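This report walks through one protein model, beginning with a single residue and its surroundings and then widening to the whole chain. Please keep the sequence and the structure in view while reading.

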Amino acid sequence: MANDAIFTIDASDSSILEMNPKAEQMTGYSREKLVGRKVWELHPQDEMASAQELFAEVVKTGRGARHEMHLKRKDGDLLH
């Protein structure tokens with residue numbers, strides 16, 4: 001089992017397609033609550049632009065990427 005939160009994101013609209021159990025545990029959201037929502041909803045407002053740029057680069061190049069970034073938990077706390 002992975003020790004990281006892993007999300008599969010739809011390149012066409014940035015919606016969450018799938019996530020692993022660790023992502024559920026770390027974010028406090030169930031899979032049912034996040035699948036279909038935009039991944040940007042999990043990013044702090046002040047980091048959203050850089051996350052969107054990174055995502056656009058991955059879509060443009062077609063290369064997957066593993067990046068560490070802050071996420072907002074369901075309770076509002078930030079994951080570092």
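## Leucine 34 and phenylalanine 7

Leaving aside neighbours within four places in sequence, leucine 34 is in contact with Phe7, Ile16, Met19, Thr27, Tyr29 and Leu42, where contact means heavy atoms within 4.5 Å. The model is a predicted one, in which local features need pLDDT of at least 70 and side-chain atom pairs count only at pLDDT 80 or more, whereas totals for chains, interfaces and linings use all residues. Residues are numbered from 1 along each chain as its sequence is written, and side-chain values use heavy atoms, with hydrogens and water left out.

Phenylalanine 7 and leucine 17 are ten residues apart in sequence, and their C-alpha atoms are 7.5 Å apart in space.

## The nonpolar core

A nonpolar core is here a set of buried Ala, Val, Leu, Ile, Met, Phe, Trp, Tyr and Cys residues joined through side-chain atoms within 4.5 Å. Buried means under 20% relative accessible area, exposed means over 50%, and partly exposed lies in between, with a 1.4 Å probe and protein chains only. Of the 13 residues in the largest such core, Ile16, Leu34, Trp40 and Leu42 touch the most other members. Strand β2 (16-19) and helix α3 (48-61) each supply at least two residues of this core, and the largest share, three residues, comes from α3.

## Overall architecture

The secondary structure of the protein comes to three helices and four strands, and from the N terminus on the elements run β-β-α-α-α-β-β. Helices (H or I, at least four residues) and strands (E, at least two) are DSSP runs, numbered from the N terminus. The radius of gyration of the protein is 12 Å, close to the 12 Å that the globule rule gives for 80 residues, so the protein is as compact as a globular protein of that length; the radius is taken over C-alpha atoms, and the rule is 2.2 Å times the number of residues to the power 0.38. Taken along the principal axes, the C-alpha atoms fill a box of roughly 30 × 25 × 20 Å.

Buried residues make up 25% of the 80 residues. Among contacts between residues at least 6 apart in sequence, 35% join residues at least 24 apart.

## The loop between β1 and β2

Serine 12 has its place in the loop between β1 and β2 and is exposed, with a relative accessible area of 65%. Serine 12 and alanine 2 are ten residues apart in sequence, yet 26 Å apart in space, C-alpha to C-alpha.

Serine 14 is found in the loop between β1 and β2, and at 6% relative accessibility this serine counts as buried. The phi of serine 14 is near 65°, a positive value in a residue other than glycine. Most residues other than glycine have a negative phi. Serine 15 also lies in the loop between β1 and β2 and counts as buried at 7% relative accessibility; not counting residues up to four places away in sequence, serine 15 touches Thr8, Ile9, Asp10, Gly36, Arg37 and Lys38.

Histidine 43 is found in the loop between α2 (31-34) and α3 and, at 4% relative accessibility, counts as buried. Not counting residues up to four places away in sequence, histidine 43 touches Met48, Ala51, Met69, His70, Leu71 and Lys72. Leucine 79 and histidine 43 are 36 residues apart in sequence and 9.8 Å apart in space, C-alpha to C-alpha.

Leucine 79 lies in strand β4, residues 78-79, and is buried, with a relative accessible area of 16%. Apart from neighbours within four places in sequence, leucine 79 is in contact with Met26, Thr27, Met69, His70, Leu71 and Arg73. Alanine 56, in helix α3, is partly exposed, with a relative accessible area of 43%, and the C-alpha atoms of alanine 56 and serine 14, 42 residues apart along the chain, are separated by 9.7 Å.
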